[in-house]
Amino acid sequence: MLSYVARRALYAVVVMVCASIVIFWGLRIAPGDPVDTLFNPIATTAQKQALRKKFGLDKPIVVQYAYFLRDFFKGDFGESIKSGQSIPELVRQYGKNSLILVGAAALFTYALAIPLGVVAAVRRGTWVDHVLMGFASLGMGIPSFLLGLTLILVVGSKLGWLPISGTGGLKHLILPTIALSMEGLSVSLRVMRSAMLEQLGLDYVRTLRAKGLRWRFVVWRRVLRNALIPMISLSGIQLGALVGYTAIVEIVFRWPGLGQLLLNAVIQRDYPVALWLSLLLTAAVVFANFAANVGYALADPRVREART
Amino acid sequence: MTELALEAPRPRRLRDALRVARRDRATVFGVVVTSAFVLTGVAGLLMLGVPGLHDLYLKQDLGAALRPPLDHGVFGTDPLGRDLLARVVAGTGVSLAIAAIVTAISLLVGGVVGIVAGYYRGKLDLVLSGVVDVTWGFPIILIIIILAGVLSPGLTTVVLGIALINWAGFARIIRGEVLTLREQEFVRAAKAMGTPDRRIMLRHLAPNVIAPTLVLGSYYVAITIIAEAGTSFIGVGAQPPTPSLGQIIAEGQNYWARDVWVVALPGAVLALIVLGLNALGDGLRDLTDPRLRTRG
């Protein structure tokens, strides 16, 4: 178990090191000097040179990378070229909104997918199952931005039930959460259903029934726990997908989160922000995968034992 | 006797397949929609490829902006007075081309890695599987945004970003298939006869992984189309004048409240394509995975 976790952690670290090199190197050689896009074209060469010096852009790239590592370990993340805000401040400000949105979407996904997946499996072939699976197919077919726009138009504008953009109370959270979680919800629902079906066909279920345990107890207390294992191993990818899609949903709902911040930094060539946010979001995805793998090993004794 | 036993399964499988297809309307829907998608896409690519036809989807007529469907062309016109049907067809062409290129690249890379890793096993497999493991499942949208910063926004970035992730999915399932195939008698017989490894991998292993690859392929084409539309929607994908379904929707979103079709029509086409591809994938899976088929 410990060596399994250690190997996973090693993977995660290796990925982050590779990603940091690729992202750093890539952003530095990217077309378009940030100094050019930043100031009006009439800025003098001397002014530009001073600015380059300020951000260390005049040094060789290997030296710049060394600086970058030094800054990272010193906790000195620099500031946005555009707004002059410090990166940690930006991350705190926007990150809170992103965490709220992704957290709400994850909660919404699992709170619905697990019980509904169980119900669909138990009532396989009935209308309940058909309705749920039809819903899951639809949810996988409609891209999140399209769903978001539809929700804005129908629920927000035409019906006027809910606010359609920006942050605020719980009400502002509802539509973006639905738009963000629909795809993952559909996938999770299908996975949960087939995991339940797989478990329900096994001998131990019959044994438990034969022992006289109530059907409901068997399903919700015994079978469900085993069927959750594939869900746990999928959860890393699901959380990663949420981090990816959040950029799109944030744009649609003008939700001031990290995805939107990264996207704007990329389009405006705001180096420091693009660099640190790319790394931060990559780290979030890598960590989610690591956590899911460890969770999977903890939950499944076969994995736990086999990989000691 | 032995020969009979070996021959028997084939016709039964075919008959089963036909029966399932007849019974399963969703699969038929998937086949029909996918075929329509390919035909429309080819028409769109023709429009994109022949310079004389560019006017069809690019010619602006501000006097005829935002005309409703059937009033001015079948789909009406967009906010700049361009023919919406022509734009949607051209955008479908872009979707098809991107899907084809991405799938070709990721299938090639994933196929080679999967077969080599599964066939040789050992240290090579450990390394390759490690790479696959950390690549698989990385969010495509995020990698495209990061790549757009590293390279520049555009369809090349989109293709690269999706292929960079999707190959690992193919490698994963192909490796799994090869692991069981390599222990089977026909592979061991080929090996015993001294068939070179390359020939075994190409002639004996590759054809046998086609079925599971096809299933994953249709899901991945759907994922590719969603990712292209989504990134074009937020501005890091297709750049004007190249049309894309996502970009057409983005251009229409401010007019949607009044002129619903400028988003609804391209949106419906996009959703239909994805639904069709997913239905096709489900149908293929039911046909090729005997475990799922017997459980009905």
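Tutor: Two residues are in contact if their C-beta atoms, placed from the backbone, lie within 7 Å. Leaving aside residues up to four places away in sequence, Leu262(A) touches Ala247(A), Ala274(A), Leu277(A), Ser278(A), Leu281(A) and, from the other chain, Ile145(B). This is a predicted model, in which local features need pLDDT of at least 70 and side-chain atom pairs count only at pLDDT 80 or more, while totals for chains, interfaces and linings use all residues. Residues are numbered from 1 along each chain as its sequence is written, and chains are lettered from A and ligands numbered from 1 in the order in which they are written.

Student: How many residues of chain A are in contact with chain B?

Tutor: The contact involves 36 residues of chain A and 33 residues of chain B. Helices here are DSSP runs (H or I, at least four residues), numbered from the N terminus, and helix 10 of chain A gives the largest share of the chain A side, 10 residues.

Student: How far apart are the end C-alpha atoms of helix 10 of chain A?

Tutor: The expected span of a helix is 1.5 Å times one less than its number of residues. Helix 10 of chain A has 38 residues, yet its end C-alpha atoms are only 45 Å apart, short of the 56 Å that a straight helix would reach. The bend at a residue is the angle between axes fitted to the seven residues ending there and the seven starting there, and at Leu224(A) this helix bends by about 45 degrees.

Technical notes
Helices (H or I, at least four residues) and strands (E, at least two) are DSSP runs, numbered from the N terminus.
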